[in-house]
Amino acid sequence: MQMSRIGSPSVGMDEDSGAGHALSDFLLQLENYNPSIPDSVVAYYLNMAGFESQDPRMIRLIALASQKFLSDIANDALQHCKMRTSSQINQSSKNAKGPKEKKYVMSMEDLVPALQEYGISAKKPHYYV
Amino acid sequence: MTENTEKPESSCDARRRILNIAVSTVLLETGFESSDRIALETLTEVIQCFFTEVGNSAKSYCELTGRTEPVLGDVMMALINMGISVQGIEQYAARPKRHVIQPPQQASVPRTPAMLSAGSKAKPPPHIPFHLPPLPDPHAYIRTPTHKQPVTEYEAIREKAASQKKDIERALTKFLAKTSETHNLFNTDDNQVYPLIACKPTFPPYLSCLLPTDQVFDFDELEYHFQVANRTEDLPADKKDQSDNEGDNGGDNENSSQPEIIDIPMSSPERLKSGG
């Protein structure tokens with residue numbers, strides 16, 4: 001399959017049209033990097049939506065984008081978690097592990113506000129209904 | 001957080017589990033030690049919806065321009081439309097510590113071995129395309145007879161019938177000699193060498209020749225009549241005498257007798273009349 005370059009960039013890429021091409025070139029050449037999500041799983045879900053591509057690099061690009069998206073959400077949730085635990089640590093006098101508690105547990109309390117910033121509202125019931 | 005992906009009942013369970021693993025990997029990289037189950041499931045759901053959305057959107061952009069195969073630009077448009085910055089992807093790919101170790105993909109489920117296969121499947125003829133399924137076992141469509149053609153020559157059949165008849169007679173006589181009374185030719189007590197089937201002489205010997213019998217067509221029907229129709233236990237006493245007198249054949253008095261008495265040709269000698 002021929003990878004044809006998009007000659008006229010779309011509206012949103014006016015200022016970084018060069019960067020967009022560079023990005024595409026870079027990622028197209030980044031074949032040795034394997035994202036965490038296997039290609040076949042990503043391809044399966046894309047096929048379910050109607051997107052089929054014979055080029056594995058595009059699949060990897062989408063996998064990478066999803067991974068970045070996840071890591072952004074996770075970082076935001078980590079910030080929330082740190083804010084919450086740091087206020088508790090300041091109150092507790094004895095702390096053997098140092099200034100910060102090392103173990104962070106991701107819970108819904110941290111995740112929901114993080115998702116809220118991305119426009120995803122996740123309202124889970126507290127008990128089975 | 002290593003998880004073993006076991007063989008699931010449905011295929012989407014495996015992919016879901018793999019997504020769980022991938023999400024766990026990302027969380028590990030971020031710095032979390034553990035997470036709630038419900039948070040993990042939420043993030044897996046998020047990522048699944050992400051794939052669906054990107055796929056759908058990219059396909060729509062692609063078809064909008066009249067193409068059928070999506071290109072990089074379609075994917076980029078879809079990502080931008082969703083609000084995901086494309087510059088950050090490159091930086092993210094080059095991050096220093098990244099977990100690229102993933103459990104390898106499961107091998108496909110082994111095909112069930114061909115059971116009940118008799119013989120080798122025949123090669124398809126050249127006019128059949130190669131992508132069609134192979135031919136079934138040859139016994140499914142080829143019929144071979146299970147026995148030889150029997151001999152139809154007259155001489156052979158006659159000979160076979162004659163030998164069978166001889167065998168039958170020999171076998172039956174041996175059987176009778178073993179089970180019924182035997183007659184001994186020699187003057188020994190126990191005779192096993194040459195047993196003869198004992199002949200039971202009737203008295204007088206010439207009786208069967210003197211008594212003419214009707215031609216019997218069906219012995220079963222005859223026996224039925226003899227047993228049922230000619231029962232004398234239920235008849236009153238006077239009719240019993242009459243049935244005794246009418247029991248022989250050839251008598252002219254039967255025409256005037258009661259019609260329910262059936263003529264029995266075989267009668268005991270006591271009932272014999274002088275004219276028989």
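Everything here comes from a predicted model.

## The two chains

Let's begin with chain A, which has four helices and one strand. Read from the N terminus, the elements of chain A follow the order α-α-α-β-α. Of its 129 residues, 40% count as buried. If you take the contacts in chain A with a separation of 6 or more, residues 24 or more positions apart account for 63% of them.

Chain B has eight helices and three strands. Starting at the N terminus, the elements of chain B run α-β-α-α-α-α-β-β-α-α-α. Chain B holds 276 residues, and buried ones make up 20% of them. Among contacts in chain B between residues at least 6 apart in sequence, 32% join residues at least 24 apart.

Helix α2 of chain B covers residues 37–64.

| Helix pair | Angle | Axes | Handedness of crossing |
|---|---|---|---|
| α2(A) and α2(B) | roughly 55 degrees | within 8 Å | right-handed |
| α4(A) and α2(B) | about 25 degrees | 9 Å apart | left-handed |
| α2(B) and α3(B) | about 125 degrees | 8 Å apart | right-handed |

### α2 of chain A

In chain A, helix α2 spans residues 39–49, and its axis crosses that of α2(B) at roughly 55 degrees. The two helices are therefore oblique to each other. On the chain A side, the contact is made by V42(A), Y45(A), L46(A) and A49(A). On the chain B side you will find Q48(B), F51(B), T52(B), G55(B), N56(B) and K59(B).

### α4 of chain A

Another partner is helix α4 of chain A, residues 108–117, which packs against α2(B) at an angle of about 25 degrees. Are these helices roughly parallel or roughly antiparallel? An angle under 35 degrees counts as roughly parallel, so α4(A) and α2(B) are roughly parallel to each other. From α4(A), the contact uses M108(A), L111(A) and L115(A). From α2(B), it uses I38(B), A39(B), T42(B), L43(B) and V46(B). Seven of the residues in the contact of α4(A) with α2(B) are nonpolar, one is polar and none is charged.

### α3 of chain B

Within chain B, α2(B) packs against helix α3, residues 72–82, at about 125 degrees. That makes α2(B) oblique to α3(B). The α2(B) residues that meet α3(B) are F50(B), E53(B), V54(B), S57(B), A58(B), Y61(B) and C62(B). Facing them in α3(B) are D74(B), V75(B), M77(B), A78(B), L79(B), N81(B) and M82(B). The contact of α2(B) with α3(B) divides into ten nonpolar, two polar and two charged residues.

## A closer look at a few residues

Now try finding F51(B), which sits in helix α2 of chain B. Is F51(B) buried or exposed? With a relative accessibility of 0%, F51(B) counts as buried. Leaving aside neighbours within four places in sequence, F51(B) is in contact with I37(A), V42(A), Y45(A), L46(A), I62(A), A63(A), S66(A) and L19(B). Among these partners, V42(A), Y45(A) and L46(A) belong to the contact of α2(A) with α2(B).

Next comes D36(B), in the loop between β1 (34–35) and α2 of chain B. D36(B) counts as partly exposed, at 30% relative accessibility. Which residues does D36(B) contact, leaving aside its neighbours within four places in sequence? They are V105(A), M106(A), S107(A) and M108(A). M108(A) also takes part in the contact of α4(A) with α2(B).

Finally, look for two cysteines of chain B. C49(B) is partly exposed, with a relative accessible area of 44%. C62(B), one of the residues that meet α3(B), is buried, with a relative accessible area of 1%. How many disulfides are there over all chains? The count comes to zero.

Conventions. Residues are numbered from 1 along each chain as its sequence is written. Chains are lettered from A and ligands numbered from 1 in the order in which they are written. This is a predicted model: local features need pLDDT of at least 70, side-chain atom pairs count only at pLDDT 80 or more; totals for chains, interfaces and linings use all residues. Side-chain values use heavy atoms; hydrogens and water are left out. Axes are lines fitted to C-alpha atoms, for helices over the stretch in contact, and angles run from 0 to 180 degrees between N-to-C directions. Angles under 35 degrees count as roughly parallel, over 145 as roughly antiparallel, 65 to 115 as roughly perpendicular and the rest as oblique. A crossing is left-handed if the near helix is turned anticlockwise from the far one by less than a right angle, and right-handed if clockwise. Contact means heavy atoms within 4.5 Å. A disulfide is a pair of cysteine sulfur atoms within 2.5 Å. Buried means under 20% relative accessible area, exposed over 50%, partly exposed in between (1.4 Å probe, protein chains only). Ala, Val, Leu, Ile, Met, Phe, Trp, Tyr, Cys and Pro count as nonpolar, Asp, Glu, Lys and Arg as charged, and the others, Gly among them, as polar.
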